[in-house]
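I opened this notebook to record what I looked up in one model, going from the overall fold to the sheet, the rings and a single loop residue.

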Amino acid sequence: MWTPVIVNTNRTVGGSTVSWADGCDEYIRKLIIEACYGAGPEDNQDLILLTKVSYEELLNKLDDKERLNFKRGTDVGVAKFGFDKFVELDGCSIGWDAGVPTTDANSDTVRGYSFNTSRMKLKVLGGGKSLFKSRVTFNDNYQADHIFLYLLGNLQFESPRHFGKLAELV
């Protein structure tokens, strides 16, 4: 039975605790390395979603290590500087999402989750002919149609070993 990779972000080294703000890049690197099961991109983590506070602390840690990459060529209109809502660390995109809980069922502080999107599938329920269901109603106050789109489906994860968690375990 395979389990997800869990990195304890409450580690003690030499008698002192390494906080998330001080060691977040090392914790993320540990997660990426431990969740790697091959050389191909389909065997590695490619997305890490953190809490907003954890993402801000990561950016603060990385700001003095920031490296600007310039892409030149005919397809590039304007060179962009800085971060664009996601930062890349060791080939893995890292961002924040409001849906990432700050604590889990054990009341442990959660920093984030990692995903291997090659090992995820969206399974659509029902045998309908369209992917989305919809409903349209007219709103008198705005003199406009309200269009509601919804999808009945679930994400299927191939194996827990292709996913990870960053949390302060007690």
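I began with the secondary structure, which for the protein chain comes to 2 helices and 12 strands, where helices (H or I, at least four residues) and strands (E, at least two) are DSSP runs numbered from the N terminus. Along the sequence I read the pattern β-β-β-α-β-α-β-β-β-β-β-β-β-β. I note that this is a predicted model, in which local features need pLDDT of at least 70 and side-chain atom pairs count only at pLDDT 80 or more, while totals for chains, interfaces and linings use all residues. Residues are numbered from 1 along each chain as its sequence is written, and side-chain values use heavy atoms, with hydrogens and water left out.

Of the 170 residues of the protein chain, 28% count as buried; buried means under 20% relative accessible area, exposed over 50%, and partly exposed in between (1.4 Å probe, protein chains only). Among contacts (heavy atoms within 4.5 Å) between residues at least 6 apart in sequence, 70% join residues at least 24 apart.

**The sheet.** I found an open sheet of 6 strands in the order β1-β12-β7-β4-β6-β5, with mixed pairing, two strands being paired if DSSP finds at least two bridges between them. Because β1 (5-8) and β5 (87-89) stand at the edges with a single partner strand each, one side of each has no neighbour in the sheet. The twist averages 25° from one strand to the next; axes here are lines fitted to C-alpha atoms, for helices over the stretch in contact, and angles run from 0 to 180 degrees between N-to-C directions. Strand β4 (residues 47-50) is joined to β7 by 4 bridges, and the two run antiparallel, with isoleucine 48 standing opposite serine 114 in β7. Helix α2 (residues 52-62) lies across β4, β5, β6 (92-96) and β7, and runs at about 125° to β6.

**Rings.** I counted 3 aromatic pairs, taking rings of Phe, Tyr and Trp (its six-membered ring) as paired if their centres lie within 6.5 Å, with planes under 30 degrees apart counted as stacked, over 60 as edge-to-face and the rest as tilted. Tryptophan 20 and tyrosine 27 form a stacked pair, because their ring centres are 6.2 Å apart and their planes are at 10°; both residues are buried. Phenylalanine 115 and phenylalanine 163 count as edge-to-face because their planes are at 70°, with centres 6.3 Å apart. This pair links distant parts of the chain, phenylalanine 115 in strand β7 (residues 109-115) and phenylalanine 163 in the loop between β11 (153-157) and β12 (164-168), 48 residues apart. Phenylalanine 115 and phenylalanine 163 are buried, and ring pairs link Phe115, Phe157 and Phe163 into a cluster.

**A loop residue.** Where is glutamine 45 found? I located glutamine 45 in the loop between α1 (20-34) and β4, and it counts as buried because its relative accessibility is 4%. Its C-alpha atom is separated by 6.5 Å from that of serine 114, 69 residues apart along the chain. Leaving aside residues up to four places away in sequence, glutamine 45 touches several residues, including Cys92, Ser114, Phe115 and Phe163.

**Cysteines.** With a disulfide taken as a pair of cysteine sulfur atoms within 2.5 Å, I counted 0 disulfides. Cysteine 24 is buried at 0% relative accessibility, whereas cysteine 36 is partly exposed at 34%.
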